[in-house]
Amino acid sequence: MTPTHTPDTSNSVHDLPNLDASLFDRPSTERFAEHLAGVGRSTHAPRILLLYGSLRERSYSKLLTLEAERLLQAMGAETRVFDPTGLPLPDGAPDTHPKVAELREAAAWSEGMVWTSPERHGAMTGIMKAQIDWIPLSAGAVRPTQGKTLAVMEVSGGSQSFNAVNQMRILGRWMRMLTIPNQSSVAKAFLEFDEAGRMKPSAYYERVVDVMEELVKFTLLTRDVSPYLVDRYSERRESAEALSARVNQRSI
């Protein structure tokens with residue numbers, strides 16, 4: 001039996017001269033426990049915001065979103081669905097516009113999101129992108145999306161495609177969100193919903209159930225530790241340098 005070698009990392013930081021040892025963090029289960037001891041475990045229902053990317057009267061992305069909302073509520077989540085009707089184009093109105101303020105408040109309220117877009121010309125719709133563009137990366141000291149969970153879904157008029165969900169995954173990363181591994185892409189969506197707007201039984205429906213279940217699990221798992229998950233060495237160093245500069249400025 002080949003013996004295993006466990007490297008001695010107790011002094012490894014001394015081999016990294018470019019690091020500020022006082023700001024370096026060594027992740028561990030104990031560090032997570034320390035963080036949880038400080039904030040405690042949340043007991044309220046997971047808060048999920050759902051966005052969809054179409055204004056059509058019979059919008060399949062909206063119908064899929066409403067189906068997802070029913071599943072999330074059955075799993076114990078608290079939900080909000082944002083209606084994009086009346087949302088101005090990004091930079092086409094001040095951020096005090098009522099629809100912009102509604103969207104931003106809902107984003108701040110949420111602990112996780114679901115983004116559902118039709119695929120149009122091989123991409124997400126402009127309506128979907130506009131909603132994401134109106135959510136700022138930062139608002140003062142608050143980052144409305146950082147560390148929150150995200151599930152992505154799309155509907156297609158033809159054969160199954162993944163262009164829209166792939167694009168939304170890139171956006172989720174840019175917004176510093178924790179995008180779950182699973183996703184849903186519903187092909188020929190006009191065949192998958194009945195006259196009442198309910199999704200028919202199918203493998204597509206079961207995938208939506210899977211995605212919502214995974215989203216709730218990831219949200220429960222990460223929501224209380226997300227500040228620690230997204231805490232970064234570079235930002236700690238930047239903050240320390242800014243503080244030092246302010247202190248030195250005052251001493252002049």
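For the class counts in these legends, Ala, Val, Leu, Ile, Met, Phe, Trp, Tyr, Cys and Pro are taken as nonpolar, Asp, Glu, Lys and Arg as charged, and the others, Gly among them, as polar. A quick note before the views: this is a predicted model, where local features need pLDDT of at least 70 and side-chain atom pairs count only at pLDDT 80 or more, while totals for chains, interfaces and linings use all residues. Residues are numbered from 1 along each chain as its sequence is written, and side-chain values use heavy atoms, with hydrogens and water left out.

**View A. The lining of the largest pocket.** By class, this lining has five nonpolar, seven polar and five charged residues. The pocket itself comes out at a volume of about 290 Å³. Of its 17 lining residues, Gln146, Arg223, Asp224, Ser226 and Pro227 sit closest to the centre. Helix 1 (29–39), helix 3 and helix 7 (226–229) are the elements that give two or more residues to the lining. Helices here are DSSP runs of H or I with at least four residues, strands are runs of E with at least two, and both are numbered from the N terminus. As for the pocket search, it uses a 1 Å grid over the protein atoms alone: a pocket is an open set of points where a 1.4 Å probe fits, with protein on both sides within 12 Å along at least five of seven lines, and lining residues have an atom within 4 Å of a point. Points are joined across faces, edges and corners, and the volume is the space filled by probe spheres set on them.

**View B. The second largest pocket.** This one has a volume of about 220 Å³. Arg56, Tyr60, Pro118, Val155 and Gly157 are the closest to its centre, out of 14 lining residues. The lining splits into five nonpolar, six polar and three charged residues.

**View C. The largest nonpolar core.** A core is a set of buried Ala, Val, Leu, Ile, Met, Phe, Trp, Tyr and Cys residues joined through side-chain atoms within 4.5 Å. Buried means under 20% relative accessible area, exposed over 50%, and partly exposed in between (1.4 Å probe, protein chains only). Leu51, Met113, Trp115 and Met168 touch the most other members of this 23-residue core. Two or more residues each come from strand 1 (47–52), helix 3 (98–109), strand 3 (112–118), helix 4 (126–134), strand 4 (149–155) and helix 5 (163–174). A second, separate core of 22 residues includes Ala68, Ala151, Val155 and Val211.

View D. Lys200 lies in the loop between strand 6 (184–186) and helix 6 (203–222). Its relative accessibility is 36%, so Lys200 counts as partly exposed. Its contacts (heavy atoms within 4.5 Å), leaving aside neighbours within four places in sequence, are Leu191, Glu192, Phe193, Asp194 and Tyr205. The Lys200 side chain reaches the backbone oxygen of Leu191 at 3.1 Å.

**View E. Ser156 in its loop.** Ser156 is in the loop between strand 4 and helix 5. With 6% relative accessibility, Ser156 counts as buried. Not counting residues up to four places away in sequence, Ser156 touches Glu119, Ser161, Val186, Ala187, Lys188 and Ala189.

View F. Asp91 isn't a glycine, yet its phi is positive, at about 70°. Asp91 belongs to the loop between strand 2 (78–82) and helix 3, and is exposed, with a relative accessible area of 77%. Arg176 also has a positive phi, near 60°. Arg176 is found in the loop between helix 5 and strand 5 (178–179) and, at 30% relative accessibility, counts as partly exposed.

Conventions
A polar contact is a pair of N or O atoms within 3.5 Å; within protein, one must be able to donate a hydrogen and the other to accept it, and residues adjacent in sequence count only if both atoms are side-chain atoms.
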